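Visitor: I am new to this structure. Could you walk me through the ligand and its surroundings?

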Amino acid sequence: MLRAGYAGGMSADGLPEKFDVIVHPAAELRGELRAQPSKNYTTRYLLAAALADGESRVVGVATSEDAGAMLRCLGDWGAGVELVGGDAVIRGFGAGPRAGVTLNPGNAGAVARFLMGVAALTTGTAFVTDYPDSLGKRPQGDLLEALSRLGARVQSRDGMFPLSISGPVRGGVVEVSAERSSQYASALMFLGPLLPDGLELRLTGDIKSHAPLRQTLDTLAAFGVRASASDDLSRITIPGGQAYRAGRVLVPGDYPGSAAILAAAVTRPGELRLSNLREHDLQGEREALDVLREMGADLTREGDTVVVRGGRPLHAVTRDGDGFTDAVQALTAAAALAGGTTTWENVYTLRLKECDRISDTRRELEALGLTVTETQDSLTVTGTPSLAGGVTADGHGDHRMIMLLTVLGLSAQSPIRITGAHHIRKSYPMFFRHLETLGARFEYPEATRD
Ligand SMILES: O=C(O)C1=C[C@@H](OP(=O)(O)O)[C@@H](O)[C@H](O)C1
Ligand SMILES: C=C(OP(=O)(O)O)C(=O)O
């Protein structure tokens with residue numbers, strides 16, 4: 001089976017297997033880029049293609065580790081997986097993934113959760129991860145509870161990996177908490193149409209990450225699955241006995257990763273044209289453009305191309321960050337270089353991602369000399385017009401933290417070293433290469449953390 005992304009030795013980005021990065025200050029960033037394919041649409045389209053009978057083509061798939069994790073797990077479950085040019089051709093297993101398989105979704109939270117939902121179609125699937133300190137610490141209990149209320153047998157280590165799930169289940173009405181992650185509800189949405197009785201989902205708690213839930217509905221529709229939802233998404237109805245319809249889907253550009261490129265471009269002099277970012281897109285991180293504009297950035301749109309004229313002074317904002325959860329780290333970099341004090345509210349779920357993106361951000365920014373405070377569900381940063389740099393920062397094994405620290409390094413007076421920078425490959429393998437084409441300079445010494 002062909003795999004996306006890193007496959008041992010040197011990877012497609014031409015960088016070593018594990019590396020730190022030394023980020024040199026950039027006088028300016030100038031050039032044109034095409035946004036990489038969306039992580040969240042890639043994972044969804046690949047899964048929906050596997051749940052269809054017949055052959056689907058997912059055009060322009062991401063080459064990130066998370067995409068690779070999904071492809072690997074679907075292959076292990078019995079799907080035919082072939083990479084042809086930039087596309088994935090998937091021969092689906094329909095409602096019948098192989099039983100008795102152990103899946104390893106790597107460090108991919110959404111991939112893991114979506115597959116856990118679908119595992120209720122099997123008479124036993126085990127889940128392990130080689131990231132015990134990251135995915136292994138993320139909570140799965142809300143989804144396991146919903147699955148067990150539907151009649152699945154579940155086993156786990158205190159609601160975390162490693163775990164196992166056995167069906168079959170019939171479906172019906174079920175509650176699932178959406179307070180810690182939307183991925184639990186998305187997981188059940190992928191499962192629902194293939195159950196005899198379908199699913200009447202009741203999302204409980206203060207629902208977080210509405211945008212990815214709408215992307216899941218969008219994906220179901222793209223594969224011919226009927227589903228309806230209340231405006232606030234607290235009730236989602238998926239009739240049972242349906243089939244996913246195989247077909248051809250095109251992955252749109254990735255807003256979360258692009259938010260980091262945009263944050264870099266607005267904070268340095270120069271000009272960037274970033275294409276492949278469609279205007280009417282359900283990715284919540286599209287809002288990053290509005291936030292940067294509100295901060296004072298010169299950012300315009302020409303169709304699917306975003307044009308940035310960088311180096312304008314930025315000022316602080318206060319925003320609810322839940323709608324653009326995967327862009328908060330990128331925007332925090334802009335906030336750290338802006339005048340005034342920025343607060344991201346309603347971002348508690350950031351604590352439950354690849355690292356604790358509230359406390360770990362505070363620690364790293366404080367080490368860079370910034371003033372940062374946190375509450376349970378907010379992060380506040382006071383910007384500085386002049387960042388000294390000259391320090392080593394911990395990437396916390398988290399691609400979004402690495403993006404944040406890289407953007408800061410480009411604006412610092414002395415280079416910043418970021419440990420474990422290879423974890424950028426989880427979502428954006430070409431991140432450093434893309435910035436290099438704009439004029440940034442990096443060194444890639446041996447990694448000093450895993
Ligand atoms: O459904 C998805 O693809 C995702 C949902 C979000 O997670 P939460 O729902 O946990 O916020 C997001 O952070 C993640 O990167 C991808
Ligand atoms: C949190 C993220 O991903 P996931 O939850 O899929 O691991 C992310 O991409 O920032």
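**Around ligand 1**

Guide: This is a predicted model. By class, the shell around ligand 1 holds three nonpolar, six polar and four charged residues.

Visitor: How many residues surround ligand 1?

Guide: The closest include Ser181, Ser182 and Ser209. Asp326 and Lys353 are also among the closest. The number of residues surrounding ligand 1 is 13.

Visitor: How far is a polar side-chain atom of Lys353 from an oxygen atom of ligand 1, and what share of the ligand does the protein bury?

Guide: A polar contact is a pair of N or O atoms within 3.5 Å. For Lys353, a polar side-chain atom lies 2.6 Å from an oxygen atom of ligand 1. Taken alone, ligand 1 exposes 390 Å². The share of that buried by the protein is 95%.

Visitor: Which element gives the most residues to the shell?

Guide: Two elements give two or more residues to the shell around ligand 1: α1 (39-51) and α3 (109-118). With three residues, the element that gives the most is α1.

Visitor: What is the distance from an N or O atom in the side chain of Lys39 to an oxygen atom of ligand 1?

Guide: Ser181 has a polar side-chain atom 2.6 Å from an oxygen atom of ligand 1. For an N or O atom in the side chain of Lys39, the distance to a ligand oxygen is 3.0 Å.

Notes. Residues are numbered from 1 along each chain as its sequence is written. Chains are lettered from A and ligands numbered from 1 in the order in which they are written. This is a predicted model: local features need pLDDT of at least 70, side-chain atom pairs count only at pLDDT 80 or more; totals for chains, interfaces and linings use all residues. Side-chain values use heavy atoms; hydrogens and water are left out. A residue is near a molecule or strand if one of its heavy atoms lies within 4 Å of it. A polar contact is a pair of N or O atoms within 3.5 Å; within protein, one must be able to donate a hydrogen and the other to accept it, and residues adjacent in sequence count only if both atoms are side-chain atoms. Accessible areas come from the Shrake-Rupley method with a 1.4 Å probe; for residues, only the protein chains shown count as cover. Helices (H or I, at least four residues) and strands (E, at least two) are DSSP runs, numbered from the N terminus. Ala, Val, Leu, Ile, Met, Phe, Trp, Tyr, Cys and Pro count as nonpolar, Asp, Glu, Lys and Arg as charged, and the others, Gly among them, as polar.
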